[in-house]
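Dear colleague,

Please find below the structure that I am handing over to you.

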Amino acid sequence: MSLEKAFSSLKSNLYKNYGENPGKMLVHTGTAGWILSSAAQIMAIITNDKIAPEQKTFLIPQEIGDGLINILSFYILTSSVKNLCSKAVLNGKIANKTIKGYLEKNKLTDKIGKVDFNIKKTQNYGEIKEDFTSFKNGVDVLASTAGSILSCNIVTPILRNEYAAERQKKMNDCLAKRKQTPYHRVTMNEFRNSGMRV
Amino acid sequence: MAISAIKNTANRVQQAFYNSMPNFVTGDKADKLYKTAGREISSAENRLILGATALMSQPFIDYSNSKIDEDTRRVAVCRTIAKIIAGTVTGYAVRKLSIKGIQACSHIPEKGMPKWKSFFTPKDVTKANSDEFKQYQNALGTFISLGVMLFTNFLIDAPLTKFLTNNLNKRALANKDTGGAK
């Protein structure tokens, strides 16, 4: 496939996937953002010459752990909230007056709230398609925003604080143990015998 | 077998959730609000909302963390505030500029129009002002901004966070020394 064709199909795929689903786009780009941000933090440690290699062996897994908490909490919470709300619109649990009127007119009210019911697959869906799509997009975007606020601003900081406090305690214990081990004082004779010169 | 059992359980849990949820029909004002949000909130606005709400919650979560000593807590709060401000300002600006850039390069092709003006236009688009096309521009702009942020994270975010953290910490210390008299 030529580069031009590949670029054209990439544009078409983006248009088809996200054109009618801005909520999904927010979840996917948000997750990609967290992955890149964690990768940048890890790269910053790897390329930092001022950090000793032994410290890097601790800091890199620490940063990976931190990144995993951020990414998983963001993806799981945001996509769950978004999917639940999105499905609630598809099965008619959340509706506007036009959608409610459509369900009543087509005698579909007994199916409202059923997991396998999808308004988009009903016979006369074309009548409300435009209104339904823009309403669903709005619910998706607001649900994704609410989900990301919940994960990024409440759940992740609490989890991260717990994790960091645990880590700090372990590090402090380790430092205290090192302090308790007395230094071996080198005597002048030992120094001379080592062959080093002042 | 195992996958279908998981799917059935997930469906049952979802059904129980929807059974317990009351039917929700929005009024005209809320309907308008939802539709405007769907059309107008791109990833840039989303980042701004996240930043504003982060300022209202994260510093307080850090401040109430009783598992660390007072000095660490003070620095953690300052760093959190600095990180939110730096991240939100750069994140919003980079996303907004990238989306604007994509919009400028994704017009519907017309006779005599320079090629770059339709460089990012997918061939299946016919209507320039449709919601779908706007969402596509937002999505592509956001993906490009993620690439740009690989650099701005190092060049702007990190130094700005450091600068703001030090300043906030200095102020917090001065405030502590004067007993909060200032």
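Is Asp71(B) buried or partly exposed? Asp71(B) counts as partly exposed, at 42% relative accessibility. Please bear in mind that this is a predicted model.

The side chain of Asp71(B) meets that of Arg74(B) in a salt bridge, at 2.9 Å from N to O. Both residues belong to helix H4 (residues 70-104) of chain B, where they stand 3 residues apart, about one turn of the helix. Arg74(B) has a relative accessible area of 17% and is therefore buried, since the limit for that class is under 20%.

Over all chains, the structure holds 10 salt bridges. Another one joins Lys35(B) to Asp31(B), with 3.2 Å between the closest N and O atoms. These two residues are separated by about one helical turn, because they lie 4 residues apart in helix H2 (residues 28-40) of chain B. Lys35(B) counts as buried at 15% relative accessibility, and Asp31(B) counts as buried at 11%. Lys35(B) and Asp31(B) are also linked with Asp131(A) in a network of salt bridges.

A further salt bridge is formed by the side chains of Arg39(B) and Glu40(B), at 3.9 Å from N to O. Here Arg39(B) is partly exposed, with a relative accessible area of 31%, and Glu40(B) is partly exposed as well, with 41%.

With kind regards

Note on methods
Residues numbered from 1 in each chain as written. Chains lettered and ligands numbered in written order. Predicted model: local features only at pLDDT ≥ 70, side-chain atom pairs only at ≥ 80, totals over all residues. Heavy atoms only, no water. Salt bridge = Lys/Arg side-chain N within 4 Å of Asp/Glu carboxyl O. Buried < 20%, exposed > 50% of the residue type's maximum accessible area, 1.4 Å probe, protein only.
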